[in-house]
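This report describes selected features of one protein chain. The sequence and the structure are shown first, and the description follows.

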Amino acid sequence: AYRAAITGWGAYVPAQVLTNADLERMVATSDEWIVTRTGIRERRIAGPDETTVQMATAAAQRALETAQLDPQRLDLVIVATTTPDYLMPATGSLVQAALGATRAGAFDLVAACSGFVYALGVGAQFIMAGTARAVLVVGVDALTRWLDFTDRTTCVLFGDGAGAVVLEASEADEGVLSTVLGSDGTGALHLYLEGFPELLRANGSVAPKRPVIRMAGREVFRFSVRIIGEAALEAVARAGLSLDDVDLLIPHQANRRIIEAAVERLGLPWEKVWVNLDRYGNTSAASVPIGLAEAADQGVLHPGMNVVLVAFGAGLAWAASVVRW
Ligand code: ACO
């Protein structure tokens, strides 16, 4: 039986920085409010040349370079995104072509902020089943395209970016040890993109000029704090480990207070938690793989370490995984 080892990683964030001071000039908010309520100081905004496909491809190329893998050896490309450039064709096919991954199948996976951890689980299954030897998994989102920049309750939270990993078949005791996937669609209207006809009908609301993100912040906050701990503990148990065996937790970067409350409940030391949302805000499906790539590039990860990835968001959906580095 094969394990799905992470052999490559990479991230891409747009050059354009939007600071809290910039937002102060756009809506009735303040740097002080945003920092104390969320921990976010700045975020990156995709420019006209930074499409979802381009950001995904840039992160994927870096991941292939770290893995030292020829793109033609990829069997599968999975792109987790909620902000595709087109609904048809799939982002995965465009990334596959841009990389020259001519032998690979490709598709998109939609699970909002949980998308990358969902896709990691899917990709790992193909390798563990012996169907694929090398899989590229990308998490990419440009949620700022769907923000209402007059709505201060949402526009301060999000940023754009991409992260990717290469999974390869390994016979060593490493890689994806467990996957937990969850969903509670009864919470669909706590966080959604308004403007699609079916949801408008369900809501009895009038179509906005273009689709915009709507969110019940407190509902999502409570759900997130609970689910981080539950999903992480379940993933650790399924890996046959205990919380003491965890060397690093990389949670989805939505709000520093959500992470702090969840980590305090878990009783995990703060030094074992990766937080970078001060610089990127909530990059949706990109947040966990950007964190993973940063931790790897900064030399924080060493062979044998147990890393817990946990994500949550619209659906409501969540996913967690234990990866042995
Ligand atoms: N600047 C200044 N004031 C603001 C802002 C802002 N940007 N946003 C809201 N306020 C005001 C509100 O209007 C409210 O004023 P009021 O008391 O006069 O009504 C006050 O601040 C407090 O608002 P709350 O909503 O109670 O603030 P809270 O402490 O709950 O923080 C927040 C709001 C940051 C949105 C929080 O609820 C949160 O982070 N929720 C989770 C959101 C999230 O992570 N979503 C993404 C999930 S992942 C995905 O799938 C995309």
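UniProt positions are given in the numbering used here, feature names are shortened, and annotations may be inferred rather than shown by experiment. Residues are numbered from 1 along each chain as its sequence is written. The model is predicted: local features need pLDDT of at least 70, side-chain atom pairs count only at pLDDT 80 or more, and totals for chains, interfaces and linings use all residues.

An unreviewed UniProt entry lists residues 237-325 as "domain: Beta-ketoacyl-[acyl-carrier-protein] synthase III C-terminal". Over residues 237-325 the chain is 31% helix and 22% strand, and the C-alpha atoms at the ends are 18 Å apart. Helices (H or I, at least four residues) and strands (E, at least two) are DSSP runs, numbered from the N terminus.

**The five-stranded sheet**

Five strands form an open sheet in the order β1-β7-β6-β4-β5, with mixed pairing; two strands pair if DSSP finds at least two bridges between them. β1 (3-12) and β5 stand at the edges with a single partner strand each, so one side of each is left without a neighbour in the sheet. On average, neighbouring strands of this sheet are turned by 20° against each other, direction ignored. Such angles run from 0 to 180 degrees between N-to-C directions, and axes are lines fitted to C-alpha atoms, for helices over the stretch in contact.

Strand β4 (residues 76-80) pairs with β5 (residues 105-109) in the parallel sense over five bridges. Within this pairing, Val 77 has Ala 106 as its bridge partner, and Ala 80 has Leu 109. Between β4 and β5 the chain passes through helix α4 (residues 91-99), and this β-α-β crossover is right-handed: with the strands pointing away from the viewer, the path from the first strand over the helix to the second runs clockwise. β4 also pairs with β6 (residues 134-142), in the parallel sense over five bridges, where Ala 80 stands opposite Gly 139.

A residue is buried if 20 or more other C-beta atoms lie within 10 Å of its own, exposed if 12 or fewer, and partly exposed in between, with C-beta atoms placed from the backbone. In a regular strand the side chains alternate between the two faces of the sheet. Both faces of β4 are covered: Leu 76, Ile 78 and Ala 80 are buried on one side, and Val 77 and Val 79 on the other.

**Helix α9**

In α9 (residues 256-266), the residues Ile 258, Ile 259, Ala 262, Val 263 and Leu 266 are buried. Seen down the axis of α9, these buried residues fall within an arc of 120°, so they line one face of the helix; the arc is that of the directions from the helix axis to the C-beta atoms. The buried residues of α9 pack against α8 (217-238) and β11 (248-251), contact meaning that the C-beta atoms of two residues, placed from the backbone, lie within 7 Å. Gly 267 follows α9 and has a positive phi, near 80°.

**Backbone details in loops**

| Residues joined | Omega |
|---|---|
| Met 88 and Pro 89 | about 5° |
| Gly 315 and Leu 316 | about -5° |

Pro 89 lies in the loop between β4 and α4, and Leu 316 in the loop between β12 (306-313) and β13 (317-324).

Gln 68, in the loop between α3 (52-67) and β4, has a positive phi near 50° although it is not a glycine. Gln 68 is exposed, with 9 other C-beta atoms within 10 Å.
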